[in-house]
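Student: I have just opened this model and would like a short tour. Can we take it in questions and answers?

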Amino acid sequence: MKLLPLPHEVRQVIIRHYASPIKTDASQVRHDLRATSLTMGEAMLLAQIVSTFRPAATLEIGFGLAGSTIGIAAARKYLGLEGKHLTLDPYQETLSGSVGFVEIATAGLASFVQWLPEKSENYLNGASARGEGFDFIFVDGAHGTGQVVTDAFFCDQVLNPGGIVVFHDGLLFSTMAAVRYLIKERQYCSVDLPVDSKTRTTLRMLRYAPVLGVWYATSLISKMHRSLVAVRKEA
Ligand SMILES: C[S@@+](CC[C@H](N)C(=O)[O-])C[C@H]1O[C@@H](n2cnc3c(N)ncnc32)[C@H](O)[C@@H]1O
């Protein structure tokens, strides 16, 4: 995938968010971006994908501490895309201590994001019934196999032709199963992401082939950026 360079303004918003990785919520609970969020490089890559493809409707599963939200929404704001980026997370106000809200406000992105406190499986089921469509979906919610495969199943139902799904945690069995479903049973194609390091990619392929299968290692891990893996629906 030939990605356009990340606009300077978008890069700066992401750098500012990651400059202090510990986020303290109103109850003085500390949340560490390094434990649950995307890395800064992954957030930048998400922003680059959005900047390149200019998806009209974007959806995200897993608001959390807002690393991914900030990457996607900053790119949307820069592009001047209409509408809001939709993020789902039923535990934003509890487990994440509303850190996501504070961070998007600090980044000047609150009015570019719509949050719904719904579980992905419930929201997407309803969205599919209502005929809603998205052009870009980022999946980073709960990571059990049933959840990620269910997310992939419903994402397929609401993704417009030519749309892109990006998964975090591409080295988990659950993500492999979801990606395998979309490629083998729904005719998606894998998307080449810029690899973060050729050596690390080779080592990951060797290490994970026995766990996730040779097909996944050679066809997908070889195209991942850190733990991001992307697939595209036929146009
Ligand atoms: C790994 S964190 C997401 C991190 C976030 N993308 C970031 O960059 O900061 C996973 C999030 O998924 C949320 N989650 C768990 N189950 C979910 C579900 N069924 N639907 C939507 N979100 C869910 C959790 O509350 C948690 O905030």
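Student: Which pocket is taken up by the ligand?
Tutor: This is a predicted model, where local features need pLDDT of at least 70, side-chain atom pairs count only at pLDDT 80 or more, and totals for chains, interfaces and linings use all residues. Residues are numbered from 1 along each chain as its sequence is written, and side-chain values use heavy atoms, leaving out hydrogens and water. On a 1 Å grid over the protein atoms alone, a pocket is an open set of points with protein on both sides within 12 Å along at least five of seven lines. The space that the ligand takes is the largest pocket.

Student: Which residues come nearest to the ligand?
Tutor: A residue is near if one of its heavy atoms lies within 4 Å. There are 25 residues around the ligand. Those that come nearest are Ser37, Ser68, Asp89, Ser120 and Asp140.

Student: How far is a nitrogen atom of the ligand from an N or O atom in the side chain of Asp140?
Tutor: Ser37 puts a polar side-chain atom 2.5 Å from an oxygen atom of the ligand. For Asp140, the side-chain N or O atom and the ligand nitrogen are apart by 2.9 Å.

Student: In the open sheet, what is the order of the seven strands?
Tutor: Strands are DSSP runs (E, at least two residues), numbered from the N terminus. Two strands pair if DSSP finds at least two bridges between them. The pairing here is mixed. The order is S5-S4-S3-S6-S7-S9-S8.

Student: Which residue in S5 is the bridge partner of Leu86?
Tutor: Strand S4 (residues 85-88) and S5 run parallel, joined by four bridges. In S5, Leu86 has as its partner Gln114.

Methods
A polar contact is a pair of N or O atoms within 3.5 Å; within protein, one must be able to donate a hydrogen and the other to accept it, and residues adjacent in sequence count only if both atoms are side-chain atoms. On a 1 Å grid over the protein atoms alone, a cavity is a set of points where a 1.4 Å probe fits but cannot get out, and a pocket is an open set with protein on both sides within 12 Å along at least five of seven lines; lining residues have an atom within 4 Å of a point. A molecule sits in a cavity or pocket if more than half of its atoms lie within 2 Å of its grid points.
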